[in-house]
Amino acid sequence: MKLRPWTVTERWLLALWLSLLLHGALWWLPLRPGQPAGEAGGLTVRLSIASEPAPPPTAAVAAGIPGGSAAASAPVDAPPQPDAGDRMRLGADIYYPARELDRLAQERSAIVLPDVELDGHPPASVLVLVFISETGRVDGVRFEGAAPARLADAIGPVFGAASYQPALKDGVPVKSYKRIRIEPQPEPAALSPALSH
């Protein structure tokens, strides 16, 4: 028995059917159990501010994110430089560390960090330097070490928009910096819809 060749119309119908089958499989893949609905491979992390003190300062400070409004004398794109002892220099201004202050700068309202979607594994922790003026305004936000870009983009503006009671040294408001450790925690996977068998 000899088979007849396929017509052009039959070939197009077969290609259309295979295309629909392939696209249907791709729509179903993100909904398989154990994976957040609508997400193919991202990881959402919840950020929390660690309560324990961060380690002492290091000379290497990288990847800066500008604060909400920077002082004219402190360019926000320049990395801070260590000054005498633990003091940090941002532009021409010197910022005092916690150990030299009578009273630390205190947040005027709670700082709420957003959930962030990351590709791959989140870092164990991220160290953030927040430079606070003598009026309580944030002059700049920097990261010690490397921070994933999405994490830095999410954290920088939150701290940059924060407002503080300024730190006091000898009873006078002064510029200071805070070292804050952020700990990313993986979010529990979103519940996927039940699959029918």
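Mentor: A helix here is a DSSP run of H or I with at least four residues, and helices are numbered from the N terminus. The model discussed below is predicted.

Trainee: In which helix is Leu 21 found?

Mentor: The run to look at covers residues 8–28. Leu 21 falls inside that run, which is helix H1.

Trainee: Which residues form a nonpolar patch on the surface, and how much accessible area do they have together?

Mentor: Leu 21 belongs to this patch, along with Trp 6, Leu 14, Trp 17 and Leu 18. Their accessible area, taken together, is about 540 Å².

Trainee: Is Glu 10 buried, partly exposed or exposed?

Mentor: Glu 10 also sits in helix H1. Its relative accessibility is 28%. Buried needs a value under 20% and exposed a value over 50%, so Glu 10 counts as partly exposed.

Trainee: Which residue has its backbone nitrogen 3.0 Å from a polar atom of the Glu 10 side chain?

Mentor: Beyond its neighbours within four places in sequence, Glu 10 is in contact with Arg 4 and Pro 5. The 3.0 Å distance belongs to another residue, and the backbone nitrogen in question is that of Thr 7.

Trainee: How many helices and strands does the protein have, and what share of its residues is buried?

Mentor: There are two helices and 13 strands. The protein has 197 residues. The share that counts as buried is 32%.

Trainee: Which element gives the most residues to the largest nonpolar core?

Mentor: This core has 26 residues, and Val 128, Val 130, Phe 159, Tyr 164 and Ile 182 have the most contacts inside it. Two or more residues each come from strands E7 (115–119), E8 (126–132), E9 (138–144) and E13, and from helix H2 (149–160). The top contribution is five residues, and it comes from H2.

Trainee: How many residues are in the second, separate core?

Mentor: In soluble globular proteins, nonpolar side chains tend to be buried together. Here a separate core includes Met 88, Leu 90, Tyr 95 and Tyr 177. Its residue count is six.

Trainee: Is Lys 175 buried or exposed?

Mentor: Lys 175 lies in the loop between strand E12 (172–174) and strand E13 (176–186). Apart from neighbours within four places in sequence, its contacts include Tyr 95, Tyr 96, Ile 132 and Ser 133. Its relative accessible area is 15%, which means that Lys 175 is buried.

Trainee: How many residues apart are Arg 99 and Asp 86?

Mentor: Arg 99 and Asp 86 form a salt bridge with the closest N and O atoms 2.8 Å apart. Arg 99 is in the loop between strands E5 (93–95) and E6 (106–107), while Asp 86 is in the loop between strands E3 (81–82) and E4 (88–90). Arg 99 counts as exposed at 57%, and Asp 86 is partly exposed at 23%. Their separation is 13 residues.

Trainee: Are Glu 100 and Lys 169 buried or exposed?

Mentor: Glu 100 forms a salt bridge with Lys 169, with closest N and O atoms 3.8 Å apart. The pair is 69 residues apart, with Glu 100 in the loop between E5 and E6 and Lys 169 in strand E11. Both Glu 100 and Lys 169 are buried.

Trainee: What is the phi of Asp 170?

Mentor: Asp 170 is in the loop between strand E11 (167–169) and E12, and it counts as exposed at 64% relative accessibility. Asp 170 is not a glycine, yet its phi is positive, at about 55°.

Methods: Residues numbered from 1 in each chain as written. Predicted model: local features only at pLDDT ≥ 70, side-chain atom pairs only at ≥ 80, totals over all residues. Heavy atoms only, no water. Buried < 20%, exposed > 50% of the residue type's maximum accessible area, 1.4 Å probe, protein only. Contact = heavy atoms within 4.5 Å. Patch = residues over 30% accessible without salt bridge, like charges linked within 9 Å, V, L, I, M, F, W, Y side chains within 5 Å. Areas by Shrake-Rupley, 256 points an atom, 1.4 Å probe, with all protein chains shown as cover. Salt bridge = Lys/Arg side-chain N within 4 Å of Asp/Glu carboxyl O. Core = buried A, V, L, I, M, F, W, Y, C linked by side-chain atoms within 4.5 Å. Polar contact = N/O pair within 3.5 Å; in protein donor to acceptor, adjacent residues only side chain to side chain.
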